[in-house]
Amino acid sequence: MQTPVRFSSCRGVAFEIKPHADPVAIAAPGQNETPSNSKKSWFPWYQGSSSRVFPSAIQRSVSRPSSHFCDLDLDGDEDENEDDIILESLEEGKDEEKEDKPIFPSAGKHEQTPKPALKQESRLSVILLDQGLFTVYKRLFVVCLTLNIIGLVLAATGHFPYARKRAALFSIANILALTLCRSEAFLRIVFLLAVMVLGRSWVPIPIKTATTSLLQSLGGIHSSCGISSVAWLIYALVLTLKDRENTSPEIIGVASTILSLLGLSCLAAFPLVRHIHHNVFERIHRFAGWTALGLLWAFIILTISYDPVTKSYSKELGSRLIKRQEFWFTVAITILIIIPWLTVRRVPVKISAPSGHASIIKFEDGIKAGILGRISPSPFSEWHAFGIISDGKTEHMMLAGAVGDFTKSLVSNPPSHLWVRQVHFAGLPYLVNMYDRVLLVATGSGICVFLSFLLQPCSANVCVLWVAKGIEQNFGKEIKEMMSGHPKEKVIVHDTAVLGRPNVSQMSVDAAKRWGAEVVIVTSNPEGSRDVVNACKGAGIPAFGPIWDS
C-alpha cells in the first residue's frame, strides 16, 4: 500500500495526493483506505498508513485537483455523479443539509457550465505546463540561470579572470542567494518593507502588481541558483583537478562530497520527484543541506589555511578568514539557516473538531492579518503551513481541513502540544495590505487566511467571497459567527449544500466589479485558483493565486 504524498510550498501552500505505482501514467481511481495515527516524535521515520484524499491519485488539475493552500477543497466542476464527487474534504456535507437555509448574505446562484472532458496528460506536463510557459516564476528562473551561464562561459574562455580564479566563491554566492529566497525571517522583512513603501494610494497599481508577482515567484530564483551553484562548483573542481599539485587531497575530497550533496538535493527537488516523493525530497533537502553546510565550513578553512608552497596548513587562520568573501558569505548562510530553528518550540494547543472534516487549533498571542504559520508533530520530519486566524489580541487559530494523515489525526486523536516556529512568515495574503480595495476569494478551509482581515483593522478595504459546503456543520459555529455581522456587500457566502455548485470564476469577476477591486486574491485548489485568476485577468482585473512553488 502506497502512502500519500504531501506537497508544500514554502510560502504557505500545502496539499496531498496518493501516488501511482507508475510515476508518469494516470491511474484509475483507487479505493478508499483507512488512515492510522502517526507516531509523534522528533524522528518519526516510519509514518504508517495512507489516506485517500481524492478518488484518483492525480489527474490534470481541471479534473480532481489536489487540495491546495491551507489543506482546502472545492467541490468539483464535473457532473453530479456521487461516485465521482465523494471527496474526503471540508466541502462534503450530508444530503439532508441541503434543506437548511443560509444565514449569510449570498450571491445569486451561478450554475457552472459543464466542461467537456479533457484529454488526460502525464504528471510532468501538469507540473511544468499547467500554469503556463511564461509565468513570472519561469522567467526569473531563466534570467538567473542565463546570467550564471554567461558568467561561466566568460570565465572558461578567459574573458572573466576574476570568476575563473574565484569559481568556488560564485558557487557559494548562489547558495547564499537561494537561501535568502527561502529565509522566512528575511522575507518577512522584505514583505513588510514592500507594504510600507508601496502600500500608499498614490503608488500606481501596475507597480504594486509587479511587486506582488515578483515576491510570489522568488522560488524561480531559488531553483535557478541551486542549479547554478552546482555548475560553478563543477567548474571550480575541474580547475582544481587540473592544478592538483597546488592543492591537497582533503580539499578535493571535501569539494567532491559537497558537489554530490548539492546534486542530490537538486535531483530530489525536480518537480516530478518532488511531487511523487515529497517526504523524501523534504528530508534530503534538509539533511543533505545541513551536511553540505558543515562541509562548506571545512572546505573554506582548508582552502584558506593551505599553503601550496610548503604543502601544509597554516595556523594563522583567523586573520586570513576575515579577509575572505567566502567566509562572510558562509557566515550569512549559516545565520539564515539557524534562525528558524532557534525559534522552534513545543507549545500547548487547544484543538476542537466541529466535524470530522476539519479541526480548529488554538494558540496563545495575537497575530497580524495575512500571516501564516507552520506546525509539526515532529520538527525534524515534517512541517505543515496554514493560514492564521486572529483578532490581533490574545490568541490565534488555524483551520485545518482533514485531508491527510496529519490533519486527520488532529480530528481523531488531537494532541495537547504541537511544535511551532515562533517566527511566522508572510506570503501572498500579507500583500493585501499593499492595496486599497481587494476582493478575497476563498473555497473551503482557504477562508482561514482571510478571516483576520475581517476581525482586525487593516489598511486595505476588503470584500470576502467564500464558497464552501455545510458552513456550520463542517466549519463550526465559531467560524460561522466570524463571518456574520458584516455588511452584505463586504461578505458574500455561497453554501453549496443549499445553493448548489457555483461558477466561482464568474462570481469573482462580478463581485470584483461591484466592489471596485484593484486586485483579486484567491485561495483554492489548483484548478479553482487558475480559473479565477484567468477569468479576472480576462476581465481586466489583476488577480493572484497560490502557485506550486511560490
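This is a short walk through a few places in the structure above.

Hello everyone. A word on ground rules: this is a predicted model, so local features are taken at pLDDT of at least 70 and side-chain atom pairs only at pLDDT 80 or more, while totals for chains, interfaces and linings use all residues. Residues are numbered from 1 along each chain as its sequence is written, and side-chain values use heavy atoms, with hydrogens and water left out.

Let's start with the sheet. Two strands count as paired if DSSP finds at least two bridges between them. Strands of a sheet pair through backbone hydrogen bonds, either parallel or antiparallel. Here, four strands make an open sheet in the order 6-7-11-10, with antiparallel pairing. Which strands stand at the edges? They are strand 6 (350–355) and strand 10 (389–390); each has a single partner strand, so one side of each has no neighbour in the sheet. Strand 10 is joined by two bridges to strand 11, residues 395–401, and Ile389 has Met397 in strand 11 as its bridge partner.

Two helices pack on this sheet. Contact here means heavy atoms within 4.5 Å. For directions, axes are lines fitted to C-alpha atoms, for helices over the stretch in contact, and angles between N-to-C directions run from 0 to 180 degrees. Helix 14 (residues 405–412) touches strands 6, 7 and 11, and its direction makes about 80° with that of strand 7. Helix 16 (residues 471–483) touches strands 6, 7, 10 and 11, at about 115° to the direction of strand 6.

Now to the aromatic rings. A pair of aromatic rings is described by the distance of the centres and the angle of the planes. Rings of Phe, Tyr and Trp (its six-membered ring) pair if their centres lie within 6.5 Å; planes under 30 degrees apart are stacked, over 60 edge-to-face, and the rest tilted. How many aromatic pairs does this rule give? The count is 13. Phe160 and Phe170 are edge-to-face, 5.7 Å centre to centre with 80° between the planes. Phe160 sits in the loop between helix 3 (136–156) and helix 4 (161–165), and Phe170 in helix 5 (residues 167–180), so this pair ties together parts ten residues apart in sequence. Phe170 also stacks with Trp232, at 4.7 Å centre to centre and 25° between the planes. Because Trp232 belongs to helix 8, that pair links parts 62 residues apart in sequence.

Phe170 and Trp232 are both buried, whereas Phe160 is partly exposed at 27%.

Beyond its neighbours within four places in sequence, Ser224 is in contact with Phe141, Cys144 and Leu145.

One last stop is Arg421. A charge sits over a ring if NZ of Lys or CZ of Arg is within 6 Å of the ring centre and within 35 degrees of the ring normal. Arg421 lies over the face of Trp341, at 5.3 Å from the ring centre, and over that of Trp383, at 4.6 Å.

How values were computed: Buried means under 20% relative accessible area, exposed over 50%, partly exposed in between (1.4 Å probe, protein chains only).
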